[in-house]
Amino acid sequence: MGFLDNFKEAMKRGAEAADNYIEREKANQAAANAPKPSAHSGTTHKSNLPEGVVMSSLDNELFVYGDVTLAVSGALLTKRKDGDFSDPAAQRAEVKAIAREILERELPLRGADSGDLKTLLLAGTSIGKTILSDLDARGYEAAFKLPLMIRPKQ
């Protein structure tokens with residue numbers, strides 16, 4: 001083999017290396033341009049709550065009494081006493097329904113339909129205790145994560 005043969009062989013290896021480099025770069029660009037999977041697609045959210053505990057939020061539930069509109073918010077942590085942790089969404093919906101039922105019944109009884117701030121604070125405390133005891137009677141261990149806040153809404 002002469003000098004030209006060695007040179008041809010080196011050129012051939014250089015061309016193969018260049019082709020490999022170009023293919024790797026194309027693959028890297030395709031991977032960089034590929035749509036990233038959504039954080040919520042196909043994965044479940046890892047909660048910091050203990051197993052079986054579900055947080056249900058009351059997000060500005062509105063109650064109207066004559067000329068007073070009250071906004072009620074809060075967050076409840078609940079866990080079924082029977083150990084059934086199968087459907088957190090159903091548990092959340094049931095807890096919200098129970099809380100709404102109690103609020104509809106108790107707000108006028110506690111004088112909260114007046115819109116007076118002191119009355120609303122006292123009503124929030126007493127109705128919160130009523131909600132917890134009612135949830136306990138219906139098979140839930142419950143506690144407030146965010147207290148029940150009742151505010152007049154303009």
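This is a tour of a predicted model, taken selection by selection.

**Whole chain**

Start with the whole chain, coloured by secondary structure. It contains three helices and three strands, and from the N terminus on the elements follow the order α-β-β-α-α-β. The chain has 154 residues, of which 23% count as buried. Its accessible surface is about 10,500 Å², and 56% of that belongs to carbon and sulfur atoms. Among contacts between residues at least 6 apart in sequence, 68% join residues at least 24 apart.

**Helix 1**

Select residues 3-33, which make up helix 1; Met-11 is found there. Now show the side chains of Leu-4, Phe-7 and Met-11. These residues make a nonpolar surface patch of about 330 Å².

**The hairpin**

Move on to residues 53-65 (strand 1) and 68-80 (strand 2). The two strands run antiparallel and are joined by eleven bridges. They form a hairpin with two residues between them. Zoom in on the turn, where Gly-66 has a positive phi of about 60°.

What does Ala-71 touch, not counting residues up to four places away in sequence? The list is Asn-60, Glu-61, Leu-62, Met-149, Ile-150, Arg-151 and Lys-153. For a distance check, draw a line from Ala-71 to Met-149: the C-alpha atoms are 8.0 Å apart, while the two residues lie 78 apart in sequence.

**The nonpolar core**

Next, select Leu-70, Leu-103, Leu-107, Ile-127, Ile-131 and Ile-150. In the largest nonpolar core, which has 22 residues, these six touch the most other members. Two or more core residues come from each of strand 1, strand 2, helix 2 (88-109), helix 3 and strand 3 (140-153). Helix 2 gives the largest share, six residues. In soluble globular proteins, nonpolar side chains tend to be buried together.

Centre the view on Ile-127. Leaving aside neighbours within four places in sequence, Ile-127 is in contact with Ile-102, Leu-103, Glu-106, Leu-107, Arg-110, Leu-148 and Ile-150.

**Salt bridges**

Keep Glu-106 and Arg-110 on screen. They form a salt bridge, with the closest N and O atoms 3.0 Å apart. Arg-110, at 36% relative accessibility, counts as partly exposed. Elsewhere, salt bridges that share partners join Glu-61, Arg-100 and Glu-104 into one network.

The structure holds nine salt bridges. Select Arg-100 and Glu-61 for another of them, whose closest N and O atoms are 3.0 Å apart. This pair links distant parts of the chain, since Arg-100 is in helix 2 and Glu-61 in strand 1, 39 residues apart. Arg-100 counts as partly exposed at 27% relative accessibility, and Glu-61 counts as partly exposed at 21%.

Then select Arg-80 and Asp-82, a salt bridge with its closest N and O atoms 3.2 Å apart. Asp-82 is exposed, with a relative accessible area of 53%.

**Helix 3**

For the last stop, select Asp-134 in helix 3 (residues 117-137). Is Asp-134 buried or exposed? At 14% relative accessibility it counts as buried, because the cut-off for that term is under 20%. Leaving aside neighbours within four places in sequence, Asp-134 is in contact with Ile-102 and Arg-105.

Note on methods:
Residues are numbered from 1 along each chain as its sequence is written. This is a predicted model: local features need pLDDT of at least 70, side-chain atom pairs count only at pLDDT 80 or more; totals for chains, interfaces and linings use all residues. Side-chain values use heavy atoms; hydrogens and water are left out. Patches are made of residues with over 30% relative accessible area and no salt bridge: like charges are joined within 9 Å, nonpolar side chains (Val, Leu, Ile, Met, Phe, Trp, Tyr) within 5 Å. Accessible areas come from the Shrake-Rupley method with a 1.4 Å probe; for residues, only the protein chains shown count as cover. A salt bridge is a side-chain nitrogen of Lys or Arg within 4 Å of a carboxyl oxygen of Asp or Glu. Helices (H or I, at least four residues) and strands (E, at least two) are DSSP runs, numbered from the N terminus. Two strands pair if DSSP finds at least two bridges between them. Buried means under 20% relative accessible area, exposed over 50%, partly exposed in between (1.4 Å probe, protein chains only). Contact means heavy atoms within 4.5 Å. A nonpolar core is a set of buried Ala, Val, Leu, Ile, Met, Phe, Trp, Tyr and Cys residues joined through side-chain atoms within 4.5 Å.
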